[in-house]
Amino acid sequence: MIKHVLPYVVGSYGAAILILGFLALTSLLRYRAARRRLAAVEPRSRRSDGSDHGRQGVKS
Amino acid sequence: MMSRKQRRLWLVIACGIGVSSATALMLVAFRSSLSFFLSPNEVLVKHPSPGMVFRLGGVVQADTVVMGTRDNKPYTTFRITDGQASIPVVYTGILPGLFRQGQGVVTIGAMTKGDREFVADTVLAKHGASYMPADVEQALRKAGKWNPKFGPAPNAATWDDKSPRTIEADNNG
Amino acid sequence: MPDYTGQTVVSPIGMPPSRAGAWLHRFANPGRFQRLVQPVLPFLAAFAFVVTVTGLVWGFFFAPADWQQGIASRIMYVHIPAAWVAMNGYAALAICSLLSIVWRHPLADIAAKEIGPVGAGFTALCLISGSLWGRPEWGTYWVWDARLTSVLILLFLYLGHMALIRAFDNPQHGYRAAAILGLVGAVNLPIIVFSVYWWNTLHQGNSISVTGPSKIYITMLYPLIISTVGFYLAFAAMSLGRISSGIMENRARSLLLAQAERGGA
């Protein structure tokens, strides 16, 4: 019988912080990098919203 | 004349029906091996041969738990019931924290010769779906609405939003 | 860019023609998506963070201990929301797959690609926290019962989708193949939900019910609801952010390609 369950609770919350933190951090860094890169190559000073993007000729 | 989109949609629907019925058939075919354990009633019907290892699950019957020591090892005998049938179980070893009377358990082991008893080498506790603070459990007990040793918690509507004091005061409800 | 709106839209399931299709196309336009999502994203992310932290802090420090499990019951504030988001995330991925196969929406392909890793993270969290609960309470980290096994299969579906959608030199091939996997894998969702009722499992039945009373005491239910809302918001913020990044990356790449072609010609 296991009497000390605290390590298991801490482990679960630790896993939550690690996994969610990792996902959030990578999402944020990627978003910033993508914005910067697009701003650098975008012609004129249009908003870097990625409009007009699309695969050509994928009509069905 | 169907457009390509329409044709693709029907194709997807047809494949979906195919895949789901194939899965359903497979699940029905493997039904017995997908069940994690057998209930006492199923054991009586199926008669697993002595020595064949399987899992037996159910509720620890109230007032059947006997603990002792044999060869310096703790052993426990109790009966597992599903409300219809009950089977005596012998287990040597340390029980999990949630083990108590009225608790759902799953045990791994085999029947002895002559179907007399089930010798378990592992006992796992099966937790119920209800979560309740200790004071609520005490209040239910005092109100005479629930004794954990006789099975799972009463209908959640009678306790899930009432204060312990209300539950206790509500004695004849 | 493909002129979707100019096309005659066929609606196959008896809806008035063009309505559903036009609606779909309006939101499937990557440019419109960016204009809609990018201004909201910082607020959504901040809100998701605040709600998630509130739910987890409440669950870890203030939620009452269960009469039987003690403080191990606090693991549910991580486990249950993660399980819900994992399953509904896969449902979203399957819908994207359907949109991709039938209507060939470029946005659906990008969305499916970006939802994959996020959903896999939540599924892994569900399995890890469940395992850490099982050791003290059941007496084992893992059993091969129908519920646990079907959730493990969900994780493998996510991982397989992630690998498949990135496996081809021509991304279109990856999108097609992954969409098929995404749709076929959707049969696993009802199996996860009903496994605890169809078969005997070690895993308990559902504690929260939409139709009947919940089997969770109210002071334990509040933090559960908050952390569930937080996890959903976090899933939405991270997925939308990644989809947005994916669109921007693609656009930057095609702009560079166009520049290179102009320069080379």
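This is a predicted model: local features need pLDDT of at least 70, side-chain atom pairs count only at pLDDT 80 or more; totals for chains, interfaces and linings use all residues.
Student: Which residues of H7(C) are buried, and what makes a residue count as buried?

Tutor: A residue is called buried if 20 or more other C-beta atoms lie within 10 Å of its own, and in H7(C) this holds for Tyr175(C), Ala178(C), Ala179(C), Gly182(C) and Leu183(C).

Student: How do you know on which side of H7(C) they are?

Tutor: They cover an arc of only 135° around the axis, and so they are put on the same side of H7(C). As a general point, an α-helix has 3.6 residues a turn, so residues three or four places apart point the same way.

Student: What covers the buried residues of H7(C)?

Tutor: The cover includes H1 of chain B, and from chain C it includes H4, helix H5 (106–137) and helix H6 (146–165).

Student: What makes up the secondary structure of chain C, and what share of its residues is buried?

Tutor: Chain C has nine helices and zero strands, and read along the sequence its pattern is α-α-α-α-α-α-α-α-α. Of its 265 residues, 51% are buried. For chain A, the secondary structure comes to one helix and zero strands, while buried residues make up 32% of its 60 residues.

Student: What makes a set of residues a nonpolar core, and which residues have the most contacts inside the largest one?

Tutor: Such a core joins buried residues of kinds such as Ala and Leu through C-beta atoms within 7 Å. The largest one has 121 residues, and those with the most contacts inside it are Ala82(C), Ala86(C), Ala112(C) and Leu125(C). Helix H4 (residues 76–103) of chain C gives the most to this core, with 17 residues. Leaving aside residues up to four places away in sequence, Leu125(C) touches Ala15(A), Ala16(A) and Ile19(A) as well as Val78(C) and Ala82(C).

Student: How many residues of chain B are in contact with chain C, and which element gives the most?

Tutor: There are 36 residues of chain B in contact with 40 residues of chain C. On the side of chain B that touches chain C, H1(B) gives the most, with eight residues. By class, that side of chain B has 19 nonpolar, 11 polar and six charged residues.

Methods: Residues are numbered from 1 along each chain as its sequence is written. Chains are lettered from A and ligands numbered from 1 in the order in which they are written. Helices (H or I, at least four residues) and strands (E, at least two) are DSSP runs, numbered from the N terminus. A residue is buried if 20 or more other C-beta atoms lie within 10 Å of its own, exposed if 12 or fewer, and partly exposed in between; C-beta atoms are placed from the backbone. Two residues are in contact if their C-beta atoms, placed from the backbone, lie within 7 Å. Ala, Val, Leu, Ile, Met, Phe, Trp, Tyr, Cys and Pro count as nonpolar, Asp, Glu, Lys and Arg as charged, and the others, Gly among them, as polar. The arc is that of the directions from the helix axis to the C-beta atoms.
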